[in-house]
Amino acid sequence: MHRIDFYLELHWAKQRPALEFAVNGHVLEQNMKILSSDQYEEKAVIKTQISDLESINLINIRFYGKNDQLVTEQSDHWVHIKNIAIDDVFADAMLINSTFQHQMPEHWVAEMLTQGHRIDSVYKPGTSMRLNGCFSWQFNHPFIQHKLLDLWSLD
Amino acid sequence: MVTRLIPPTAFTQQFFDMDFESYQYLLDDLIDGDHPATCDLPVVPIEGFDLDALDRIYQYCRSVCSGDFKTVKSQIMYSDWCFQPRSQGWTEIVIKAQPMLMKGRDSNLDYNLEADADNHLVELCRQFFPDWWDRFFCLKILKMAPDGWVNPHRDIYVDNFRLCNFWMPLHDFPTTLKVFPMGWLAHRLGNMYLFNQRRFPHAVKNSEQEDRIVLIGKFYQDLVPQQIVEQFLINKKKHLQQWQ
């Protein structure tokens, strides 16, 4: 069994987009109950336990449901992934290798392009989720060894 | 008042507990140069330092200036990415400060800037290294409190100092420094250990009930003393015998 803890900073009002967590491509359904309640605080720790996977090497978080009605002059909605712990070992600076692939509505893209902005399809690191899209972070199992080898090979 | 230290993080504790034997293959392709600045080996011992002079520095640090040790800043600096402590019980006195190469570049690198040792301690160190003072890039005394620890890390600088860094125990204590992928350094009092701290992830732990005090420093890469280079050439074959 593995434990994954997500440390999030949530910036949104009661009426809000949603998050979906997936490990190795399998959506974690038990979290959806937590996320459908109204008990959001600005900082949230979402604790999960995974018993049916031997190894973990891919974590995805999907941010969806943000639309024109939710975004107003007074309020925007975004999520900052502060950290992820796998079996109590924190990823910390390794999250710099994560990516965020956004799915921006076409009329937003058109509007931004006319304003002269450059729009990349994938952002790295992907820890700041300000648009609908998918955070993706890949590593080797076991994580403790991956982290050590990554420390070794930074040069 | 006794301050209770936070126990090591899971990552640090696993590092201390792990057996690195299956990672020895990483040592196969290390560059074997003929100068500390060009050689990629992990640790090379330099022998024959004066134990009495070492003891004078130790006793002075332990008694007279034991209150002058300051918390190492990396222990208290948290960033967005690292919100767990990176060390506990780790304090230092800067004997000779490194040049301000990095000031203002990044807050994480902006430490160890000012020498804060008193004159007598500086004089003791000058006597210990009589001809080498201008060859030091920096020189510090580090203290690790009982149950203190430092998490696995590498020391990244603008330049790759390789074996121009050194680590030197000031008194006799059990193994304290663990280096990936070799293991615990089986050090001996009176030896200076040239230590490739940029290439090799390392962590420190003090499981005894007494402070551990060590001297660390760096030589300028082109000013490594001739005596050190000569011993380095003789002793570098011993680098695989230093571990347990």
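Where is Asp92(A) found? Keep that question in mind while you set up the view. The model is predicted. Its scores are ipTM 0.82 and pTM 0.87.

**Stop 1: Asp92(A)**

Select Asp92(A). It is found in the loop between β7 and β8 (99-102) of chain A. Phi of Asp92(A) is near 50°, a positive value in a residue other than glycine. Is Asp92(A) buried or exposed? It is buried, because 21 other C-beta atoms lie within 10 Å and the cut-off for buried is 20 or more.

**Stop 2: the sheet of chain A**

Stay in chain A and colour its strands. Six of them form an open sheet, in the order β3-β2-β5-β11-β8-β9. The pairing is antiparallel. Now look at the edges. β3 (26-27) and β9 of chain A stand there, each with a single partner strand, so one side of each is left without a neighbour in the sheet.

Next, pick out one pair inside the sheet. Strand β5 (residues 58-64) of chain A runs antiparallel to β11(A), and six bridges join the two. Click on Phe63(A). Which residue of β11(A) stands opposite Phe63(A)? Gly133(A) does.

**Stop 3: one loop, two residues**

Move to the loop between β9 (122-123) and β10 (128-129) of chain A, where Lys124(A) sits. Thr127(A) has its place in the loop between β9 and β10 of chain A too.

Start with Lys124(A). Draw a distance from Lys124(A) to Gln145(A). They are 21 residues apart in sequence, and 23 Å apart in space, C-alpha to C-alpha.

Now take Thr127(A). It counts as buried, with 24 C-beta neighbours inside 10 Å. Which residues is Thr127(A) in contact with, leaving aside its neighbours within four places in sequence? Select His80(A), Ile81(A), Leu95(A) and Ser98(A) to show them. Then draw a distance from Thr127(A) to His11(A). The pair is 116 residues apart in sequence and 14 Å apart in space, C-alpha to C-alpha.

**Stop 4: two cis peptide bonds**

Select His141(A) and Pro142(A). The peptide bond from His141(A) to Pro142(A) is cis, with omega near -5°. Pro142(A) lies in the loop between β11 (133-138) and α3 of chain A.

Cross to chain B for another. From Phe180(B) to Pro181(B) the peptide bond is cis, with omega near 5°. The place of Pro181(B) is in the loop between β6 and β7 (183-184) of chain B.

**Stop 5: chain B as a whole**

Of its 244 residues, 35% count as buried. Of the contacts in chain B with a separation of 6 or more, 81% come from residues 24 or more positions apart.

Colour chain B by confidence. The mean pLDDT is 88, and 90% of the residues reach 70 or more. Where in chain B is confidence lowest, and where highest? The lowest is helix α3 (residues 73-76) of chain B, at a mean of 66; the highest is strand β5 (residues 165-169) of chain B, at 97. Where pLDDT is low, the predicted coordinates should not be read in detail.

While in chain B, click on Asp147(B), found in strand β4 of chain B. Asp147(B) has a positive phi of about 65° although it is not a glycine. With 17 C-beta neighbours inside 10 Å, Asp147(B) counts as partly exposed.

**Stop 6: where the chains meet**

Bring chain A back. 14 residues of chain B are in contact with 15 residues of chain A. The largest share of the chain B side, three residues, comes from helix α1 (residues 10-17) of chain B. By class, that side of chain B has nine nonpolar, two polar and three charged residues.

Finish on α1(B). Its buried residues are Phe11(B), Thr12(B), Gln14(B) and Phe15(B). What do the buried residues of α1(B) pack against? In chain A, select β7 (89-90) and α3 (143-152). In chain B, select β4 (136-153), β6 (177-179) and β9 (202-205).

Key:
Residues numbered from 1 in each chain as written. Chains lettered and ligands numbered in written order. Predicted model: local features only at pLDDT ≥ 70, side-chain atom pairs only at ≥ 80, totals over all residues. Contact = placed C-beta atoms within 7 Å. Helix = DSSP H or I, 4+ residues; strand = E, 2+ residues; numbered from the N terminus. Nonpolar A, V, L, I, M, F, W, Y, C, P; charged D, E, K, R; others polar. pLDDT = per-residue confidence, 0-100. Buried ≥ 20, exposed ≤ 12 C-beta atoms within 10 Å, placed from the backbone. Pairing = 2+ DSSP bridges.
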